[in-house]
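Walk through this model with the sequence beside you.

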Amino acid sequence: VPALATERRFAQRLRECLEEERLSDGRYQLQRLPGGRLALPVLEEKLSQLCLPPEMPCELVRIQDPVPSRAARRRTPAQRLRDELRRLLGASWSEQLERDVPHAWQRHGDLVLLSEDSFKAAPWERLGKGEQGPAPARRAARIPPISRDGVFAGSALWETVASALGARRVARRGRVMPDGLRTPSVTLLLGQHGWVEHVDNGIRWAGAAGCGWCGEGTALTISAGSSRYTFDVTKCMFSPGNITEKLRVASLPCSGEVVVDLYAGIGYFTLPFLVHAGAAFVHACEWNSHAVEALHRSLVLNGVRDRCHIHAGDSRQLQLRDVADRVNLGLIPSSQEGWPVACRVLKKDTGGVLHIHHNVETPPAPALPQSAVLLAEPGSAEAASPGREAQHPTEDSGEETLGARLRPEWQRWAEATATRIQGLLAELHGRPWRSSVLHVEAVKSYAPHVHHLVLDLECRPVLP
C-alpha cells in the first residue's frame, strides 16, 4: 500500500492535508517505521495529484503488511470487494468500473457465484482474460501482475474477488440454456471444478439472507438432520428461491408413505421428503444426466440412498402404476404434462395427495381505500407492501386460505385444476373420484404479476 512517511511532529499536519485533498486511504491504519517516523496510507490512483507544501518533508514508501483501520473492519463484503478492486487497479480505477462491481452474489461453500451482469464492462473483460502470473510472488509483493499486452493477469482479478469475499473459487452465471434441461451457462473463473455442497432445511442463518443473493456476510450453523445437496454449479441449476417450499415439504406428515417425485432435479424435494418428512420410499424421476449424478451423490451424502430409486429418463414414460401415497410435480411454468402420470402412479384403492406446481398470472390488484389497507389481515396479499410479494399463507385452515387469503385468480386456477385431475382419475379407473383442495402455497414471485404456486390436492376414490 503506498504511504507518505514523515517525522512524528509533521504527522498530524500531513494527515489533515491528505484528508482535505481526499488523498488519504482510510482503509488502513498509519504505521510506525524504524527511526520513529510514521507512514500515512494514501490512495494509489491519486498519487499523480499529490502536491504538498515544501516545508512538509515526506517520502513515498510502500507498506508491505497494512493493518485495516477500525472503519475498514466494519465494512460489508460488498464494500470490501469494491475497495480491494480499487486497490488492485490503482490509477486505472474509474466510475465505469465501480458501477460494474456486483453488490450481490450467491454463495455455495467456498465458491462465489456472480450474477451474469457482473464485470461485463469492456475493461473488466480485458482484465479477466489476462495471463496467469506467479501467484506466490504476487501475493508476497502485493503488486498485481502485468501480462505481455499490458493488462493485469486474469487470475489476479478473480483472486482478488475471491479474497475479498472469503472464497476460494469464483464463477459467473449466464443465461439458462433453452434445451429443456434448464442447463445453466456458468463460467468457472477461478478454481478447478464446480462441485459444491449446499445445506438447508435444518439450518439457522445469522446475518444476511441465506445462500441466496446477498451482499452481506452470513454465518451458517448446520443443525442435526439438515439436507445436504451436492452438485456441479456449471452443470446443474440451483434455486434458492424455493427454500420456503422445501421447508414446507420437510414438515409434511409423510411417515410410512411412498412418494413419487416426477421432476427430482438434484433432489430439491426428494431429500426433504426422505430426511425430514419421514417418507418410507421415494421414486425420483429425472432426465438430466448431470442432475442424476448429483442426486445420487446427495442421497449417499445424506445416508438415504437405500430408500430411493432413481428413474433416469423422461417421466412421461414412467412405467410405475398404483404405488404412490403422494406425488410431487415440481415443474414450472407448468407441470400439466405430468398430470396423467401422477394419476397413474397414485394408489388406485386409497388415492393420495398431489403437490402441483404452476405459474399463475395475477393482474395487479386495484388500489384499496386507506381504511381497507389498515384493516387488511397481516400476511394477506392486500397487506403486502408495494413491490413485495405477499406473505406465504399458512396451512392452518384450508377454507380460510381459499376464502379470505387467496387472490381470485389463484382460487380459480386451483378449482379448475382439481376438476381436471378428478376427471383424469375417473377416466383412468372407470369410477368416480373426488378431489379436495387442501392448501395453496405462494412460493415466490416468478415475474411481474406471475406467481409460483403449489396446490396440495387430495384425491380419493368414491366408495360404492
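Buried means under 20% relative accessible area, exposed means over 50%, and partly exposed lies in between, with a 1.4 Å probe and protein chains only. This is a predicted model: local features need pLDDT of at least 70, side-chain atom pairs count only at pLDDT 80 or more, and totals for chains, interfaces and linings use all residues. Residues are numbered from 1 along each chain as its sequence is written, and side-chain values use heavy atoms, with hydrogens and water left out.

Start with W124. At 1% relative accessibility, W124 counts as buried. Helices (H or I, at least four residues) and strands (E, at least two) are DSSP runs, numbered from the N terminus. W93 is buried too, with a relative accessible area of 14%.

F119 and W124 also pair edge-to-face, at 4.9 Å centre to centre and 85° between the planes. F119 has a relative accessible area of 1% and is buried. Its place is in the loop between β6 and α5. The backbone of F119 stands out as well: phi is near 50°, a positive value in a residue other than glycine.

Step back to α3. This helix has 13 residues and reaches 18 Å from its first C-alpha to its last, close to the 18 Å expected at 1.5 Å a residue. The expected span is 1.5 Å times one less than the number of residues. Buried residues in α3 include P77, L81, L85 and L88. Just after α3, G90 takes a positive phi of about 60°.

Now the four-stranded sheet. This open sheet has the order β5-β6-β7-β8, with mixed pairing. Its edge strands are β5 (105–108) and β8 (186–190), each pairing on one side only. Two strands pair if DSSP finds at least two bridges between them. Neighbouring strands of this sheet are turned by 25° against each other on average, direction ignored. Axes are lines fitted to C-alpha atoms, for helices over the stretch in contact, and angles run from 0 to 180 degrees between N-to-C directions.

Four bridges join β5 to β6 (residues 111–114), and the two run antiparallel. Q106 has L113 as its bridge partner in β6, and R107 stands opposite V112.

Next comes the seven-stranded sheet. It is open, with mixed pairing and the order β15-β14-β13-β16-β17-β19-β18. The edge strands here are β15 (308–312) and β18 (433–447). Neighbouring strands are turned by 15° against each other on average, direction ignored. Four bridges join β16 (residues 326–329) to β17 (residues 352–361), and these run parallel. R326 finds its bridge partner, V353, in β17.

Which helices pack on this sheet? Helix α8 (residues 243–250) touches β17, β18 and β19 (450–461), and its direction makes about 145° with that of β18. Helix α14 (residues 408–429) touches β17, β18 and β19, and its direction makes about 135° with that of β18. Contact means heavy atoms within 4.5 Å.

Two loops deserve a look. In the loop between β15 and β16, D322 has a positive phi of about 55° although it is not a glycine. D322 counts as partly exposed, at 35% relative accessibility. In the loop between β16 and α11 (339–345) lies P333. The peptide bond from I332 to P333 is cis, with omega near 15°.

Finish with charges over rings. A charge sits over a ring if NZ of Lys or CZ of Arg is within 6 Å of the ring centre and within 35 degrees of the ring normal. K246 lies over the face of Y229, at 4.9 Å from the ring centre. The charged end of R297 sits over the ring of W195, 3.8 Å from its centre.

How values were computed
Phe/Tyr/Trp six-rings, centres within 6.5 Å; stacked < 30°, edge-to-face > 60°.
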